[in-house]
Structure formats: C-alpha cells, structure tokens
Amino acid sequence: MLHETDQYQEIRDAIRHLCQQFPDEYFRKIDEQRGYPEQFVDALTRAGWMAALIPQEYGGSGLTMAEASVIMEEINRSGGNSGACHGQMYVMNAIVRSGSDKQKRDLLPRIASGDLRIQSMGVTEPTTGSDTTKLKTTATKKDGRWVINGQKVWISRIQHSDMMILLARTTPLAEVQKRSEGLSCFLIDLKEAVGQGLTVQPILNMVNHETNELFFDNLEIPEENLLGPEGKGFKTLLDGLNAERTLIAAECIGDGYWFIDRATKYAKERVVFGRPIGQNQGIQFPIAESLIELEAANLMRWKACEKIDGHENAGAAANMAKHLAAKASWEAANVCLQTHGGFGFACEYDVERKFRETRLYQVAPISTNMIFSYVAEHILGLPKSY
Ligand SMILES: Cc1cc2nc3c(=O)[nH]c(=O)nc-3n(C[C@H](O)[C@H](O)[C@H](O)COP(=O)(O)OP(=O)(O)OC[C@H]3O[C@@H](n4cnc5c(N)ncnc54)[C@H](O)[C@@H]3O)c2cc1C
C-alpha cells in the first residue's frame, strides 16, 4: 500500500505487535458471544494508547490527531474493531477543550491511566434523530442541582463507562435566538445515576456494538457537573465531533486495507476453472478499484488530521474524510465478500463480521445525508435544506 511505510511506522509497529495477541479468533468469539473485548481494551489502555490525545500535563501522551488516527487505523487493519473503545479516545476531548481547571485536574489523569472510563456521549433522541437542536431532554436547575428528564437512544458503551457526557436543553427552544443555543453538556456519573433516575435498556443490533436506550426520570446531578458554558453545549460538543469523524475515517481506512488484503490473498489462492480466480479481470478489477478509492479517501483523512493538528477549522475536511473513508471501506467490504463467494458468509473467514462492522459508519456517528447537507450549505452556500 502507498502508506506502508511512513513517519508513523513506530506507532504502526507497536499497535500491530499488540494486536497480534488478539487474533481473528479472539474478535470472532467476542462477536459470537456479543461480548466486550475487555482484555484487548485493557491491554491498549495499559500501554497508554487510549490516552493518546490527553495532554502530557494531565498524564496523557499528547499525541497529534494524525498519530492518534494511526492507532485506530492499525487496530481495524489488524482485524479488530476500535468501535468498542474509540469513545475513550475522543469523548474526553470536550473536557480538554471546555472543562474547568478542576474538571481537567480531577478527570483527565484518571482517564489517562484507565482508572476512569468516559466512553459514552448521549446526543441522539428517539423522536428527533438527526435534528439535534430539537432534542427534548431537559436539565433544570433546582436547589443547587441539575434535574434531568428525557430520553436518549443509541447511546454506546454505557455498560463500559464510569461516566458519560450528556447533551440536554437548559433553555427552551422558543426562548433562544439560534436553535443551537440553550443546549448544555453535563458529566453524568453512571455509577451514581443508574437506578437513581437513569434507566438503561440495551438495544440488540446488527453489529456487536453495545448501545442503549436511556430514560431520565428526575435524575439529579451536582451543579458543578455542567461541562463548558451553560447554553453553549452544542459548541462544546462540536469541537470534539471533528476529532470523532476523523478517527472514524481512519478506522474505515484500516478496515478498507483489511478487506483489500483479504480479498487479494483469497483471489490468489482460490483456484476455480483451473486458475486462480484473481486472474480474472472480473475479480481483480473491483479489488484494484477499491484500492484506488481507499487511497484517495486516505488523502482526505490526512488533510483532516492536518487541519485539526493545525488548529484550523476542520469541519469540511473531517466530514469529507469520514464520508469518503466510510464509502471506500464499505465498497471494499462488498468486493471482499464477493471475492470470497460462499465463504464470505462463513463466520470463520471474518469477512461477514467486518462487513457488518464497517457498514455502521455510513449511519453513525453522522449519516451520509447530513454530511451532504453540511457540504451543500457550508461549502457550496446553498440554502439550508432542513
Ligand atoms: C450502533 C449505533 C451506535 C450509536 N452510538 C451513538 C452514541 O453513542 N451516541 C449518540 O448520541 N448517538 C449514537 N448513535 C446514533 C446515530 O448518531 C444516529 O443513528 C444517526 O445520527 C442518525 O440518526 P437517526 O438514527 O435518528 O436517523 P434519522 O434522523 O431518523 O434519519 C433517518 C435517515 O433519514 C435521513 N435524513 C434525515 N433527515 C434528512 C434530511 N433533512 N435530508 C436528507 N436525509 C435526511 C438520514 O440521513 C438517515 O439516513 C448510534 C447509532 C448506531 C446505529
């Protein structure tokens, strides 16, 4: 591949080495059992990789977005699924950027050491979906505490987090000038909240991705759990979302290489009609096309990293990178499955598992149409369509 050796080779080698302890069978078994790759996440955390984006003064390694993205890429390229733990790498971004000094001092070193898991971010709601600013969960101040009421859906990794970040409305929509105002972010201590106003209901889904419906019924949290300025929660989260999209783009790039490697290997080995199937243009051209599209998507991923690392506005590049990478990995997945014929459906080849896993990224954390809307409005200057 074009990026086989690059300036990040040391990180690549280290992650590949760690991932060798967690081969295909490990992830296959976890998938079969709908389990959580606890040992894998533990090993990554102990080695310090999950603290990549936490500044050094708070016990993290203060790596760049480009470096952090290589970690995610290599996990997925090795056959693993970063989706189980990527939240630990980027959810805390909101704390780094918008947390008070006390929140940073209290939380970041514990996140860096792995003592505290903050892997969940609660935004999506069942009745409002992509129309985020209309979300209905409210947080109201009462006797020096915040009282939270409402419902969230598809909130991932709750069972594997100690804390989550929640987006709720603190000023009614009718009373704000811009609909993105009046929303605030909160830190929720899950150990204290579950059963005391927060009910969690897992959602069985296509991927082995732990995700849940959340019901808030007069959940009370301390006043100081407000994260960032009151009413500016949308902004507090947005800053972190570009990081999330860029890291997920890198995961898709890793998936794409995995699919292309597997498809190529199988195409060389599988002999039908007296010759390797990879000798047929009908088999080799789609693999070649997938590689071209993946390499192009990868360029946009580096562009997004560059923007974030240069503290420039990364909105366009991060959205484009996520779109291109998710599309390229999905196309590579389809080609890989087709190349494997019937065996593509056999769990022991891992193709069907990775196929399901990579498909998610055209819907979450932001669906393709919302990226098109963003580009149409913010880059092309077309009227907002919703
Ligand atoms: C496995 C999984 C994990 C997730 N984890 C989290 C999480 O941890 N935290 C969290 O907050 N959310 C999470 N999500 C939610 C995810 O971000 C949403 O599913 C996604 O943003 C789409 O929202 P929706 O499902 O409500 O779809 P809807 O908003 O109902 O949209 C349905 C479809 O219609 C399209 N659409 C909607 N409006 C328009 C329009 N105006 N123009 C064109 N097309 C439109 C959308 O693009 C989409 O394809 C997760 C989802 C999944 C499946």
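## Exercises: domains, helices and a ligand

Of the 24 residues around the ligand, the nearest are Val-123, Gly-129, Ser-130, Ser-367 and Asn-369 (a residue is near if its C-beta atom, placed from the backbone, lies within 6 Å of the molecule). Before you dig in: this is a predicted model, where local features need pLDDT of at least 70, side-chain atom pairs count only at pLDDT 80 or more, and totals for chains, interfaces and linings use all residues. Residues are numbered from 1 along each chain as its sequence is written.

**Exercise 1.** Work out which elements give two or more residues to the shell around the ligand, and why the ligand lies between two domains.

*Solution.* Start with the elements: strand S1 (118–122), strand S3 (145–156) and helix H13 (368–379) each give two or more residues. Helices (H or I, at least four residues) and strands (E, at least two) are DSSP runs, numbered from the N terminus. Next, sort the shell by class: twelve nonpolar, twelve polar and no charged. Here Ala, Val, Leu, Ile, Met, Phe, Trp, Tyr, Cys and Pro count as nonpolar, Asp, Glu, Lys and Arg as charged, and the others, Gly among them, as polar. Finally, domain 2 (118–231) and domain 3 (235–379) both give residues to this shell, so the ligand lies between them. The domain bounds come from an automatic or database domain assignment.

**Exercise 2.** Describe how domain 1 touches domain 2.

*Solution.* Now count contacts: 16 residues of domain 1 meet 14 residues of domain 2 (in contact means C-beta atoms, placed from the backbone, within 7 Å). On the domain 1 side, two or more residues come from each of H2 (24–33), H5 (86–90), H6 (93–98) and H7 (101–113). H6 has the largest share, three residues. By class, that side holds eight nonpolar, six polar and two charged residues.

**Exercise 3.** Find how helices H4 and H10 cross, and which residues meet.

*Solution.* Take the axes of H4 (residues 65–77) and H10 (residues 281–309): they come within 8 Å and cross at roughly 140°. Axes are lines fitted to C-alpha atoms, for helices over the stretch in contact, with angles from 0 to 180 degrees between N-to-C directions. The two helices are therefore oblique (under 35 degrees is roughly parallel, over 145 roughly antiparallel, 65 to 115 roughly perpendicular, the rest oblique). Then list the partners: Met-65, Ala-66 and Ser-69 in H4 meet Arg-301, Trp-302, Cys-305, Ile-308 and Asp-309 in H10. Sorted by class, this contact has five nonpolar, one polar and two charged residues.

Conventions
Two residues are in contact if their C-beta atoms, placed from the backbone, lie within 7 Å.
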